[in-house]
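Thanks for coming. I will go through one model today, piece by piece, so please have the sequence and the structure open.

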Amino acid sequence: MTSSVELGMPSVGGSVLLADPRGYCAGVDRAVITVEKALDLYGAPVYVRKQIVHNKHVVHNLAARGAIFVEELDEVPAGSTVVFSAHGVSPAVHAQAAERDLKTIDATCPLVTKVHHEAKRFAKEDYRILLIGHAGHEEVEGTAGEAPEHITLVEHPDDVDALEFEEGTRLSWLSQTTLSVDETMETVRRLREKFPQLEDPPSDDICYATQNRQVAVKEIAKDAELVIVVGSANSSNSVRLVEVALEGGAHAAYRIDDISEIDDAWLEGVSTVGVTSGASVPDDLVQDVLAYLAERGIGDARAIRTAEESLMFALPPELRRDLKAAGQS
């Protein structure tokens with residue numbers, strides 16, 4: 001059900017449709033808090049493999065507090081504390097950490113962990129797993145690492161045509177959690193059409209936050225001439241929001257990291273602007289966009305709410321244990 005909420009900003013001319021929900025999801029919130037509490041508890045430096053979440057402002061702020069971001073574990077001094085990002089890692093990374101005597105805190109989003117468990121279960125039952133996702137994405141690398149000999153990557157619906165398997169092959173599908181819901185379902189439809197024996201995972205792998213943000217941007221795109229999506233270029237779910245906005249009817253849509261990337265030419269002749277943000281974006285960046293638009297006469301902001309989100313995830317157990325031992329639980 002869609003509802004609107006007045007935000008109380010003065011009407012100067014144009015109007016803003018503000019997607020709700022937007023921004024931080026439960027998995028991102030958990031991951032960021034994990035690094036913050038690790039820094040408070042253990043002191044700097046705390047190492048983080050890859051970006052903890054795909055947002056350059058979040059990474060910059062944590063680095064300023066003493067987090068050191070590395071690409072691989074061989075950059076981490078033996079015996080140090082390292083946090084695994086929200087996107088998950090393969091068993092090989094866990095093994096490497098153990099070999100180097102690293103203290104690990106696993107901030108993998110529980111919804112990604114669910115996909116890892118599904119991959120292991122399907123592989124144990126000797127399925128060929130068709131993993132829908134983007135090559136090189138950290139989440140895909142982590143999931144594929146659970147059962148590399150069983151997984152075939154499918155990046156786009158058109159890739160289905162080239163797939164061939166021996167008769168009698170047991171097939172199942174899984175997906176990266178941050179994809180376009182519509183494109184993923186189209187890929188699944190084409191897979192099922194070609195391989196009727198295809199089996200579904202126990203539940204849809206696209207995470208609730210990704211789905212909710214796509215539904216919300218579709219709702220605002222219907223009435224927006226321009227949609228601005230706040231999010232970093234390496235954020236899959238932010239990039240998808242631009243695509244969904246255009247598919248949903250917006251005349252134009254752009255992704256920005258912050259207001260420094262807005263081109264005033266985008267606003268020429270525009271009276272209604274939609275604004276949203278990816279699941280790893282702090283809301284102060286969105287508030288900056290609203291202030292920027294208000295200064296240019298687009299100041300009547302209305303939140304368009306399509307879902308309520310109340311999910312929260314507990315911190316990683318190894319961090320909770322140490323916090324409790326330090327009397328900080």
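How closely do the axes of helix α1 and helix α10 come, and at what angle do they cross? Before the answer, a word on the source. This is a predicted model, in which local features need pLDDT of at least 70 and side-chain atom pairs count only at pLDDT 80 or more, while totals for chains, interfaces and linings use all residues. Residues are numbered from 1 along each chain as its sequence is written, and side-chain values use heavy atoms, with hydrogens and water left out.

Now the helices. The axes of α1 (residues 26-42) and α10 (residues 317-325) come within 11 Å and cross at roughly 35 degrees. Helices here are DSSP runs of H or I with at least four residues, strands are runs of E with at least two, and both are numbered from the N terminus. Axes are lines fitted to C-alpha atoms, for helices over the stretch in contact, and angles run from 0 to 180 degrees between N-to-C directions. The crossing of α1 and α10 is left-handed; left-handed means that the near helix is turned anticlockwise from the far one by less than a right angle, and right-handed means clockwise.

On the α1 side, Thr34, Lys37, Ala38, Leu41 and Tyr42 make the contact, and on the α10 side the partners are Glu318, Leu319, Asp322 and Leu323. Contact means heavy atoms within 4.5 Å. Sorted by class, this contact has five nonpolar, one polar and three charged residues. The classes are as follows: Ala, Val, Leu, Ile, Met, Phe, Trp, Tyr, Cys and Pro count as nonpolar, Asp, Glu, Lys and Arg as charged, and the others, Gly among them, as polar.

Thr210, Arg213, Gln214, Val217, Lys218 and Ala221 of α7 meet Asn237, Arg240, Leu241, Val244 and Ala245 of α8. That contact has five nonpolar, three polar and three charged residues.

On to the sheets. Two strands pair if DSSP finds at least two bridges between them. Strand β3 (residues 46-49) is joined to β4 by four bridges, and tyrosine 47 of the structure stands opposite isoleucine 68 in β4.

Four bridges join β7 (residues 128-132) to β8, and isoleucine 129 stands opposite isoleucine 151 in β8.

Which domains does the assignment give? There are domain 1 (14-25 + 208-305), domain 2 (26-109) and domain 3 (111-194), with bounds from an automatic or database domain assignment. The centres of domain 1 and domain 2, taken over C-alpha atoms, are 29 Å apart. Their contact takes 14 residues from domain 1 and 12 residues from domain 2.

Last, some backbone details. Most residues other than glycine have a negative phi, and most peptide bonds are trans. A cis bond joins aspartate 20 and proline 21, with omega about 15 degrees, and proline 21 is in the loop between β2 (14-20) and α1. The bond from alanine 44 to proline 45 is cis, with omega near 0 degrees; proline 45 is in the loop between α1 and β3. Lysine 50 is not a glycine but has a positive phi of about 65 degrees, and lies in the loop between β3 and α2 (56-64).
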